[in-house]
Amino acid sequence: MKKVIVTGGNGFIGSNLIIFLLKKKYFVINIDHNKYSKNSYLLKDINKKRYKFFRLDINNKKILTIFKKYKPDAIFNLAAETHVDRSIDRPKDFISSNILGTFNILEQIRIYKKRYKRDIKLIHVSTDEVYGDLKKNERSDEGSQYRPSSPYAASKAGADHLVKSYSRTFGIKSVISNCCNNYGPGQYPEKLIPTLIFNILKNLPLPIYGKGLNLREWIHVEDHCEGLFLIYKKGRNGESYNIGTNNNIKNLNLTKLLIKIVKKKKISIGKKVKIRFVKDRPGHDLKYSLNSFKIKKKLKWKPKKTFNKGLEDTVDWYLNNTKFFNYFSKKIFFKRLGLKL
Ligand SMILES: NC(=O)c1ccc[n+]([C@@H]2O[C@H](COP(=O)([O-])OP(=O)(O)OC[C@H]3O[C@@H](n4cnc5c(N)ncnc54)[C@H](O)[C@@H]3O)[C@@H](O)[C@H]2O)c1
């Protein structure tokens, strides 16, 4: 039975990926430091026979002991600080988890390879935000220049460069994915889509940064997991793969679409549910958009969920799992972050 490690496995994408890998009959080792953004809601009912959890920071050298004991075939690195607003308030946390944490993983793989003559393939999960703000007709491909705008994007960019350097210099087997915005079950409620769904259900205004003109590309988390799995199996060492859908939509239109979907479910919408424009995020990028031709052509990946179906399924999931929101401190639903300058 193949064993793989998922770091950040108690986060949104990590927990979806663990469920995906367990279905594929892998033995999965989850490493997560379980700080504020952990939420193992999706993992509470999994069968633990082929699953092991370590509460550990990815900066910890004990990762080598886990390599030695379990001899994993691969490590999917998803552990990261991920909220752009928080990266404006506390950039150091982002340098620590996203850059130094990735550096430690690379170092432990290098030591393990040298000492025990074994390889571990690193699937390093990155983002479209490394490419920075795009002009009207632009899309980023894997050769586009990195121009990160936020401390979050810069920390992800730094980690990507380290991964590439360890591949070339030390022959570490690694691939990088640069994916667009994810949505789906179990997303931490400070992110856009769960915030909007929560506020619609609780009869609260819908806060939209600036004028809501920021354009993002969206993928259902299950399609992202399929892409990561293919990159693990067939991706060429030392290379990057964009994972995108061409589902680009402005935040304002996304909000209107969500309201429409909830209405379709015959849920009455309270009077206070109105779009409220709030102060914009400093340095807010207007547009991210990916060219994902490479993964489609070389690895034969394509997203399975259409945007409308994916969003409907997501709304259904939150409606059927309203207790998910009780897992988090209510402060995070209302506290505005990222305005400290
Ligand atoms: N959500 C998106 O739209 C998106 C898009 C592209 C790429 N990504 C990338 O995917 C990965 C996962 O994102 P997510 O949305 O699931 O984030 P998330 O915030 O929901 O989960 C991150 C997880 O990592 C853990 N973690 C953070 N720092 C750690 C450390 N130092 N040691 C151990 N565990 C640590 C947290 O406890 C949390 O469980 C991130 O690397 C992110 O940059 C996310």
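Helices (H or I, at least four residues) and strands (E, at least two) are taken as DSSP runs and numbered from the N terminus. The structure is a predicted model, in which local features need pLDDT of at least 70 and side-chain atom pairs count only at pLDDT 80 or more, whereas totals for chains, interfaces and linings use all residues. Residues are numbered from 1 along each chain as its sequence is written, and side-chain values use heavy atoms, with hydrogens and water left out.

Helix H1 (residues 12–23) packs against helix H7 (residues 221–234) at an angle of about 65°, the axes being 9 Å apart; axes are lines fitted to C-alpha atoms, for helices over the stretch in contact, and angles run from 0 to 180 degrees between N-to-C directions. The crossing of H1 and H7 is right-handed, a term applied if the near helix is turned clockwise from the far one by less than a right angle. In contact (heavy atoms within 4.5 Å) are Phe12, Ile13, Asn16, Leu17, Phe20 and Leu21 of H1 and Val221, His224, Cys225, Glu226, Leu228 and Phe229 of H7. These residues comprise nine nonpolar, two polar and one charged, where Ala, Val, Leu, Ile, Met, Phe, Trp, Tyr, Cys and Pro count as nonpolar, Asp, Glu, Lys and Arg as charged, and the others, Gly among them, as polar.

Helix H2 (residues 63–70) and helix H4 (residues 91–116) have axes that come within 9 Å and cross at roughly 45°. H2 is therefore oblique to H4, since angles under 35 degrees count as roughly parallel, over 145 as roughly antiparallel, 65 to 115 as roughly perpendicular and the rest as oblique. H2 crosses H4 in a right-handed manner. From H2, Ile63, Leu64, Phe67 and Lys68 take part, meeting H4 residues that include Asn104, Gln108 and Arg115. Eight nonpolar, two polar and two charged residues form the contact of H2 with H4.

For helix H6 (residues 192–201) and helix H10 (residues 307–320), the axes come within 11 Å and cross at roughly 55°, which means that H6 is oblique to H10. Ile193, Pro194, Ile197 and Leu201 in H6 meet Leu311, Val315, Tyr318 and Leu319 in H10. This contact of H6 with H10 contains eight nonpolar, no polar and no charged residues.

Around the ligand are 28 residues, of which Ile13, Asp32, Thr82, Tyr152 and Lys156 come nearest; a residue is near if one of its heavy atoms lies within 4 Å. An N or O atom in the side chain of threonine 82 is 2.7 Å from a ligand oxygen atom. For tyrosine 152, a side-chain N or O atom is 2.7 Å from an oxygen atom of the ligand. A polar side-chain atom of serine 97 lies 2.9 Å from a ligand nitrogen atom.

Notes:
Polar contact = N/O pair within 3.5 Å; in protein donor to acceptor, adjacent residues only side chain to side chain.
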